[in-house]
Amino acid sequence: MGAEKTLISLKNISFTYNKGLPTECAALFNVDIDINSGEIISLIGHTGSGKSTLVQLLNSQQAPGAGEISWLIDGVCDERGAAIRRRVCAAVGLVFQYPEDQIFEETVYDDIAFGPRQLGKTPEETEKLVFKMSELMGLDKEILYKSPFELSGGTLRKVAIAGVLAMEPRVLVLDEPMAGLDPKSCDNFARLLKGLRECLDLSIVMVSHNLEYAAALSDKIYCMASGRIVLCGTPREVFGEIKKLDEYQIGALPSALIAAELSAAGLKFTQTPLTADELAAEIFKNYGK
Ligand SMILES: Nc1ncnc2c1ncn2[C@@H]1O[C@H](COP(=O)(O)OP(=O)(O)O)[C@@H](O)[C@H]1O
Ligand SMILES: [Mg+2]
């Protein structure tokens, strides 16, 4: 992996839905975020805090009402006007919260091939990308010729991600990728995301309700409340802020919460434990094994 470089920079971004209409709804206020190369970033926050709106701005599905977004990605930064949006859609791949919303072709193959074809790839290049990305996502070759609508929800999600990856993005943006998956599928999915970052040199931005996975996977976590970034840092910095997380209705990591209670009772902790194993290690440090 190369040296860290900013790929997307958001400065003082605000966004309002239906501006000037009776249904006007301000969704983002003064948001500053940098997405750097090779990073996994999680966005966490209560429902309605602005996470989905923010990820749509990253991929230029929506334009900010105020502030500035810069995409410092090869092939995007030299473009002007409408061409920027086309380039951004490919360079910043967005997987919607409900993958069935972005699947519409008759076969899985055609669905994954849709993006590369739009980008003007030859049939041979397209086939290579379809095979590579479906294999990375752990999809069997046989299913490529099935209708996407015969597939289970988890597999459909993998097809949607393979379709986005086939456009060879630098940043992969996932809105609630683990929603509705059972714990084993979540574990597999977490491993898959880490593998994708390594194989494809991707940055990943993930909206997540699952604090354990956000802690385990992320280099940086941004917490949102009422359209603002209210807390950001490494998982250990963020999950140590038990009071603030409670105030913003985000909840706490169980291990960090237990550590906070034990610490209030006089036990010494050298760091906020993010897992049960780390919590046990901290307790043993105090009491010996
Ligand atoms: N298409 C839309 N039209 C109008 N308001 C919307 C729309 N989508 C979201 N909102 C509003 O914007 C705010 C942020 O929503 P959203 O970004 O979906 O939050 P989250 O993903 O964190 O649940 C909420 O108040 C929501 O009601
Ligand atoms: Mg959402």
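## Close-up views of a predicted model

View 1. In β6, L174 is the bridge partner of V95. Residues are numbered from 1 along each chain as its sequence is written, while chains are lettered from A and ligands numbered from 1 in the order in which they are written. The helices (H or I, at least four residues) and strands (E, at least two) are DSSP runs, numbered from the N terminus. β5 and β6 run parallel and are joined by four bridges; two strands pair if DSSP finds at least two bridges between them. Strand β5 (residues 92-95) is covered on both faces, with V92 and L94 buried on one side and G93 and V95 buried on the other. Here a residue is buried if 20 or more other C-beta atoms lie within 10 Å of its own, exposed if 12 or fewer, and partly exposed in between, with C-beta atoms placed from the backbone. In a regular strand the side chains alternate between the two faces of the sheet.

**View 2. Strand β7 between two parallel neighbours.** Strand β3 (residues 40-45) pairs with β7 in the parallel sense over four bridges. β6 and β7 also run parallel, joined by five bridges. Strand β7 (residues 203-207) is mostly covered, five of its five residues being buried. On one side these are S203, V205 and V207, and on the other I204 and M206.

**View 3. N36 in strand β2.** N36 lies in β2, which takes in residues 25-36. This asparagine is partly exposed, because 17 other C-beta atoms lie within 10 Å. Look for S9 as well: N36 and S9 are 27 residues apart in sequence and 8.6 Å apart in space, C-alpha to C-alpha. Leaving aside neighbours within four places in sequence, N36 is in contact with E4, K5, T6, L7 and S203; contact is counted when the C-beta atoms of two residues, placed from the backbone, lie within 7 Å.

**View 4. The shell around ligand 1.** Around ligand 1 sit Y17, N18, C25, A27, G45, T47, G48, S49, G50, K51, S52 and T53. A residue is near the molecule if its C-beta atom, placed from the backbone, lies within 6 Å of it. β2 and α1 (51-58) each supply at least two residues of this shell, and α1 gives the most, with three. By class, the shell has three nonpolar, eight polar and one charged residues. Ala, Val, Leu, Ile, Met, Phe, Trp, Tyr, Cys and Pro count as nonpolar, Asp, Glu, Lys and Arg as charged, and the others, Gly among them, as polar.

**View 5. Helix α2 and what covers it.** In α2 (residues 82-91), V88, A90 and A91 are buried. Seen down the axis of α2, the buried residues fall within an arc of 160 degrees, so they line one face of the helix. The arc is that of the directions from the helix axis to the C-beta atoms. The cover over the buried residues of α2 includes β4, β5, α3 and β6.

**View 6. The two sides of helix α4.** T126, L129, V130, M133 and S134 are buried in α4. They cover an arc of only 115 degrees around the axis, which puts them on the same side of α4. These buried residues pack against α3 (108-118) and α5 (153-165). On the face turned away from the buried side, you will find the exposed residues E124 and E135. G138 follows α4, with a positive phi near 75 degrees.

**View 7. Two loop residues with positive phi.** S60 is found in the loop between α1 and β4 (66-71). Phi of S60 is near 60 degrees, a positive value in a residue other than glycine. S60 counts as buried because it has 20 C-beta neighbours inside 10 Å. E168 has its place in the loop between α5 and β6 (171-175). Phi of E168, also not a glycine, is positive, near 50 degrees. With 18 C-beta neighbours inside 10 Å, E168 counts as partly exposed.

How values were computed. This is a predicted model: local features need pLDDT of at least 70, side-chain atom pairs count only at pLDDT 80 or more; totals for chains, interfaces and linings use all residues.
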